Amino acid sequence: MLRSLPLPAAPPPAPDSSDCGGVPGTLAAPLPETRHGAPAHPACAAAVNACARARSSSPSPSALPRNGTKLHSFIPQLAGCKEANPVILSRSAQPLSGSVPRASIIAGILLWGTGVLAQPFLPSPLQWLFPRGTPEALHSQPTPSAPQPLDSFRLKWREPALAGEGAVLVGKLRPSGKLMPSMPWAPNEIAAVRGDTLFLLSGAGWILARTALPPFSWDVSAVLDTVAPVPRAYSANPGILALESVEHRSPDSLVATFLLGMTPADTLAILRRLIVDMRPYRPNLAASLLPFAARSAAGVTLYYALLHTTRPDPGAGAYARGLVQFASDSLLPAFPIANTPDDTGARLLYAPRLWHTQPSLTLLPGGILRLLLPIHPAAGEQSVLRNRLGHQTRADSAYLIGIDLHGNVPSSGIAPVPLSLDSAAPEPIVLPLWVRLQPTPTSGERPYILLAEGYRGNAPLGPARLHLYDATGQPVASTALPNSPPFEGGLNHFWSIGVGDVDGPPSNAVPPFYPNNPGMEILATPNTPEQAVPGARLFVLRYRTDVRIPKPQPPNAFLFPFDTIVSAPCSGWIAAVADLDGDGRAEILLADQGTLHIWRLRPYADPLFALGAPFDTVFSITFPGERITTVAVADVEGDGRADVLVRTSAALSCIGIPLLPAWTVLHPLQDTTLCVSDTLHLRWVNHGRGFSPLILSFQPYDAGQPRGARRRLAILPNDEDTVSVALPARLFLPDTVGRLILQCSAPVPVEDSTALVSVRFPRLTLFTPRSGDTVVIGDTISLQGRCTCADTVRVLPGDGAAEVQAAVDSTGIVTLRLPVPCPPGISCWEAPRPWYPTVVAIADTFAQPLQLTLIRKARHLPASLLLFPTGICPEVLLQWESAQCPTVTLGVSTDGGVTFTELPSSAQDGSTRWVLPPAAGDTLWLRVCCTSCQRLDTVVPLTSSLQLELLAPNPVVFPEQQLQIRYSLSEAGSARVRILDAADNLVRELVPWRAHASGVLYCESWDGTAYSGAPVPTGTYYVLIEHEHRRWLFPVFVRWNRR
């Protein structure tokens, strides 16, 4: 984005805290980000080092990815680094042994054509790849954050384009570098749907891409890692987006949904259409598809989805409700679209309805991947289905069903277990979830099935309960077990549930009533996004089988194995559970209409815990007039610290600790010199959103040190990933050296500065002429020089002459032809005044004048004088070109040419004789004047120590004639003979300095050529004879006969 910044008419007002942020806990305005590096998560450190060694021989990216900037590092050997990618195991996952047996990675690392689009840096392990966070669908973040104080949480940015409801997924969806080199991880991307548009946001919060949803698509259902052998809560590879479809039917009897991914051009594209042929279930052709997992097996990628028909025709017999599997060996694009049909032999169908929600999936010991099918009774339906495994189910009954996905086709993990629910309600809400619990301090975590039972309606339908089963489907907390009953809630509600270690390390214990619970606790409240239950409480539950734990009251009462540790009144629903500050204790995120509360269980020894306040609210933020619909916990920027993404009816917001630096200046990074008419393109990259506007100031510098106070120049919008602002250099005046500073004052001072910027005014360095040079009036001189920071040069000659102007060429050179004016108002008898032309270098409205001082010399009058010094009054014969000067006047000087006296008569017709007046000395200075600025000065020797015997012929015509010079000196000494032109320039030296004897006659001649041997131009020349203390000047008129 490029903006042109005009000059402000007046300085902007002083900043306040609302210039670029708000205050904690409100939504007044976005707050700025700060940045300081966080240590890499220890669980990934070894893998990072191993992968870094593997990449050491590969080229490293040279730029950071930004909005509108593509970074694609093609590293074919990266596939060999997959084994070193860190696998962040949740408490519900087991480590895998061995490596991935695939020679070619074709998904997750997207294949387009023949190039491998590789991930150059590992993404942060804090991801949210599923609508409920993990494969177990527990609204939990299993990876702890890097340490951070929660009281420093701020609203970092908001994106109104993602207002509304729907899943928010966070994972690696495009190859990218780190936001800053100091970051431990590459950022994750954010995917969400609003209306009929799928959005992809960068970790910094900028919209990277958007695309219209394919037909019948509803929401994102998962970020799939098609390289991993099992679904994980963390994917180091670029994943693909799975979309869930609404229930639909099409003319071709196909039910479909789509897989999308990022292309090398940073656009979202459809990679696959997953299709199910519904013709075997005619007339029940309508159904929905919800993809929820993918895994790599035997060289292909298997995709799993829930297929569901809500209200089939009861008389038709067959209909589709259950699990379907798709197999694909490539994600290469195909024309017009790549269809992937399901494996009809792998379908597992059941009679009851399916919840249109993410199912719970976990990895059991022995590498068994088991799915819990989210089914519930369909009131009024009495149909019975038998699937390919021989399992028979009734539509109006509730079951616990486990399906194993680790083989080539889904198989039975838990055969349908009928659920005996203590209620006459026709449609109980039943949702099975995998949880990892540790029943004894020494047993280690084990997988259990938490079965949430609930009811909705006005009439008393039944009590909501939480049942517990082992991994084989055997009850361990059930109504059938008097000594180990389920946890029972109130009537007519469901549950919001989370799992996390909220009581922390073993040191947090107050026996016998509050021993530390090993492993995870279950968090539950009857409040849900759809229903607020009066008098609801938040329950912390544990499953403990090694000891009987007494109740504080009444005496001799004990807790059941599956029972409450503590509870407290609660008006919100459990949005997420995560260790947000890295202290080993999970926090509970509760959404209450437009307010998000973060609760932490107080230590058991805390007096407030004993006084009935077991939870501490460590952070709270309110979105006025909005309703929270979705919460996700992930590290979006790659600093290792958890961020909280909150989707409301008005926007998607990111909460966390702002990054420092929040932005980095990209240009200018080197000291820069500008011309005052130039424009500086200030450019910076934002590492995150939430800093708008920014204050632009100029800090003057002197001798490399700041001088004086900053001057505010402007307030700039800051609503793009990379921002470029055009600043006219004149904006920095009156200072000419300094730094530009981008700053934000709230919630903490944040700033970054440019390199030194210097501003230069127009300047001209003249080559010719220079001050002090002599110029001849009437000549046209060449003015030439080099310009800096100027585009035009103008000369103001003065003395009534017209201005002259010329443009500066591309090399900075300027050349002008300038006539030398005659000073007005002078007479023939005074010397021309100096000339002071002003040369002005111009750029835009800026001008830099340079005044010259030039010595003006009167223009030479072409004339010859012949002296007849005989008699009492010597005569002078004057001859000149009458065409140039019809009339001349004559003046004489007896003081060496300082002052002249005009003779009373004038002459015409090119020739005249004057009788010279008596002179006081032995020489007489004569001036022949045509105009005040065209004249001839000569010296007439009346008596002299020089005896000029011959200077003839005069005029002389070359080459037929030679100028003969015969002279003698009355005084011995050194002397030389030279030929000068009318401008006193040396033409030829006939005799250099040498000794001359007294009274000896010397003869010299001149052939009319200069030093170079070239003929001299026609005109008046002078024979200059110089003695040690005297000099004599004799004019001679030269013509060349060029036949």
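Q: Is Trp 1006 buried or exposed?

A: In this predicted model, Trp 1006 has a relative accessible area of 0%. The residue is buried, because buried means under 20% relative accessible area. Phe 958 is likewise buried, with a relative accessible area of 0%.

Q: What describes a pair of aromatic rings?

A: Such a pair is described by the distance of the centres and the angle of the planes. In this structure the count comes to 14 aromatic pairs. For Phe 958 and Trp 1006 the ring centres are 5.6 Å apart and the planes stand at 75 degrees, so the pair is edge-to-face. Phe 958 belongs to strand S71 (residues 956-958) and Trp 1006 to strand S75 (residues 1002-1006), so the pair ties together parts that are 48 residues apart in sequence.

Q: Which residues form one aromatic cluster with Phe 958 and Trp 1006?

A: Tyr 1021 and Trp 1040 form one aromatic cluster with Phe 958 and Trp 1006.

Q: Where does the charged end of Arg 548 sit?

A: The charged end of Arg 548 sits over the ring of Phe 558, at 4.1 Å from the ring centre.

Q: How do the strands of a sheet pair?

A: They pair through backbone hydrogen bonds, and the pairing is either parallel or antiparallel. Here, strand S14 (residues 288-297) and S15 run antiparallel and are joined by nine bridges. Within this pairing, Ala 293 stands opposite Tyr 304 in S15. S14 and S15 form a hairpin with two residues between them, and Ala 298 in the turn has a positive phi of about 55 degrees.

Q: Which strand pairs with S15 over eight bridges?

A: Strand S16 (residues 321-328) does, in the antiparallel sense. Gly 322 in S16 is the bridge partner of Leu 307. As for burial, eight of the nine residues of strand S15 (residues 300-308) are buried, so S15 is largely enclosed by the rest of the structure.

Q: What is the order of the strands in the open sheet of four strands?

A: The order is S5-S42-S41-S40, with antiparallel pairing. Strand S5 (154-159) and strand S40 (628-634) stand at the edges with a single partner strand each, so one side of each is left without a neighbour in the sheet. From one strand to the next, the twist averages 20 degrees. S5 and strand S42 (residues 652-656) are joined by five bridges, and Glu 159 stands opposite Leu 652 in S42.

Q: How many disulfides does the count come to?

A: The count comes to four disulfides. One of them is formed by Cys 675 and Cys 789, whose sulfur atoms are 2.1 Å apart. This pair qualifies because a disulfide is a pair of cysteine sulfur atoms within 2.5 Å. The link of Cys 675 and Cys 789 is left-handed, with -70 degrees about the S-S bond. Cys 675 lies in strand S44 (residues 672-675) and Cys 789 in the loop between strand S55 (780-788) and strand S56 (792-796), so the pair ties together parts that are 114 residues apart in sequence.

Q: Is the link of Cys 885 and Cys 930 left-handed or right-handed?

A: With 120 degrees about the S-S bond, the link of Cys 885 and Cys 930 is right-handed. Cys 885 lies in the loop between strand S64 (875-880) and strand S65 (887-893) and Cys 930 in strand S68, so the pair ties together parts that are 45 residues apart in sequence. Cys 885 counts as buried, at 0% relative accessibility.

Notes
Residues are numbered from 1 along each chain as its sequence is written. This is a predicted model: local features need pLDDT of at least 70, side-chain atom pairs count only at pLDDT 80 or more; totals for chains, interfaces and linings use all residues. Side-chain values use heavy atoms; hydrogens and water are left out. Rings of Phe, Tyr and Trp (its six-membered ring) pair if their centres lie within 6.5 Å; planes under 30 degrees apart count as stacked, over 60 as edge-to-face and the rest as tilted. Buried means under 20% relative accessible area, exposed over 50%, partly exposed in between (1.4 Å probe, protein chains only). A charge sits over a ring if NZ of Lys or CZ of Arg is within 6 Å of the ring centre and within 35 degrees of the ring normal. Two strands pair if DSSP finds at least two bridges between them. Axes are lines fitted to C-alpha atoms, for helices over the stretch in contact, and angles run from 0 to 180 degrees between N-to-C directions.
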